[in-house]
Amino acid sequence: MSNDSKMLGGARGNLLPLLKNELNNILDDDVHEVLNNRKGFVGLAYKELFPNNRPILDTQFIDREHVIDSVCNSSAFPFFSSNWPCRIARKNGESQDSFGLPRIAVDGYFSVGRERFGCPCFDTMEHPRDKEEHQVDRTVTVSVFPHDTIKLSASETRDQISPEVDLVDGTGQMSNLLRLATQCAEREEYYKLYEDGWKDAERWLKGEEQKGYWGLTNGERRQIYAKNLLSKRLN
């Protein structure tokens with residue numbers, strides 16, 4: 001996509017059509033069934049502007065095209081991923097030949113408060129194809145940008161996966177990440193970004209394992225924390 005964007009004059013305005021082409025090339029015909037049958041649900045968040053003004057979290061998909069539509073909706077950043085402020089989408093994931101008003105959608109960043117920086121809230125967003133509320137025990141927010149830098153404060157520090165702030169050159173760190181997010185780059189840079197993400201996740205997992213928290217519910221973690229705190233006070 002980066003190489004194709006370069007040939008078209010840059011990333012701005014070209015990402016959404018290129019993304020749709022790429023999804024059509026790589027997704028299997030049964031991708032909707034794979035996602036629907038996962039033990040842990042997959043949700044794609046975006047903001048529907050018309051015909052209803054509401055945040056959407058798609059968790060059930062009726063076909064392959066519905067998956068592609070939801071991914072593109074959640075990637076529709078105004079005047080950047082396309083030259084338009086929003087994206088005209090299919091009607092509630094239905095087939096192309098269905099009757100009714102089109103839907104207008106925009107990136108999931110606009111579906112939640114500023115403190116969430118686009119991270120969906122599973123308990124409050126609408127699930128148009130799955131009316132059952134998705135009750136979650138714990139929410140871990142993941143960001144390619146450092147949480148502190150972008151003020152992503154929807155989760156506690158122990159529930160955050162992101163790069164650590166570069167204390168020597170924080171401005172340079174953000175400039176480079178923003179460049180990778182908005183401009184064409186080389187394959188080696190994307191590989192490094194991917195590998196850095198693995199390192200961020202591994203650092204978080206190591207901390208969870210050291211605390212004995214991995215795989216526990218919030219209640220079980222609180223019990224361990226209280227026990228350790230009481231032990232420190234007694235000692």
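Me: Where does Arg64 sit?
Reply: In this predicted model, Arg64 is in helix α4.

Me: Buried or exposed, that Arg64?
Reply: Arg64 counts as buried, because its relative accessibility is 14% and the cut-off for buried is under 20%.

Me: OK, what does Arg64 touch, leaving out residues up to four places away in sequence?
Reply: Its contacts are Leu23, Asn24, Asn25, Leu27, Asp28, Asp29, Val31 and His32.

Me: How far is Val31 from Arg64, then?
Reply: Along the sequence they are 33 residues apart, while their C-alpha atoms are 6.0 Å apart in space.

Me: Switching to α2. Which of its residues are buried?
Reply: Leu16, Leu18, Leu19 and Leu23. Seen down the helix axis, the buried residues of α2 fall within an arc of 160 degrees, so they line one face.

Me: Why would residues three or four places apart point the same way?
Reply: Because an α-helix has 3.6 residues a turn.

Me: And what do the buried residues of α2 pack against?
Reply: They pack against α1 (2-8), α4 (64-73) and β3 (87-89). Arg64 belongs to that α4, and one of its contacts is Leu23, a buried residue of α2.

Me: What span should α2 have?
Reply: Helix α2 has 12 residues (15-26), so at 1.5 Å a residue it should span 16 Å. The C-alpha atoms at its ends are 16 Å apart, which agrees.

Me: New topic: which residues make the nonpolar surface patch?
Reply: Leu49, Phe50 and Leu101 make a patch of about 270 Å². Leu49 is in strand β1, residues 44-50, and counts as partly exposed because its relative accessibility is 39%.

Note on methods. Residues are numbered from 1 along each chain as its sequence is written. This is a predicted model: local features need pLDDT of at least 70, side-chain atom pairs count only at pLDDT 80 or more; totals for chains, interfaces and linings use all residues. Side-chain values use heavy atoms; hydrogens and water are left out. Patches are made of residues with over 30% relative accessible area and no salt bridge: like charges are joined within 9 Å, nonpolar side chains (Val, Leu, Ile, Met, Phe, Trp, Tyr) within 5 Å. Accessible areas come from the Shrake-Rupley method with a 1.4 Å probe; for residues, only the protein chains shown count as cover. A salt bridge is a side-chain nitrogen of Lys or Arg within 4 Å of a carboxyl oxygen of Asp or Glu. Helices (H or I, at least four residues) and strands (E, at least two) are DSSP runs, numbered from the N terminus. Buried means under 20% relative accessible area, exposed over 50%, partly exposed in between (1.4 Å probe, protein chains only). The expected span of a helix is 1.5 Å times one less than its number of residues. The arc is that of the directions from the helix axis to the C-beta atoms. Contact means heavy atoms within 4.5 Å.
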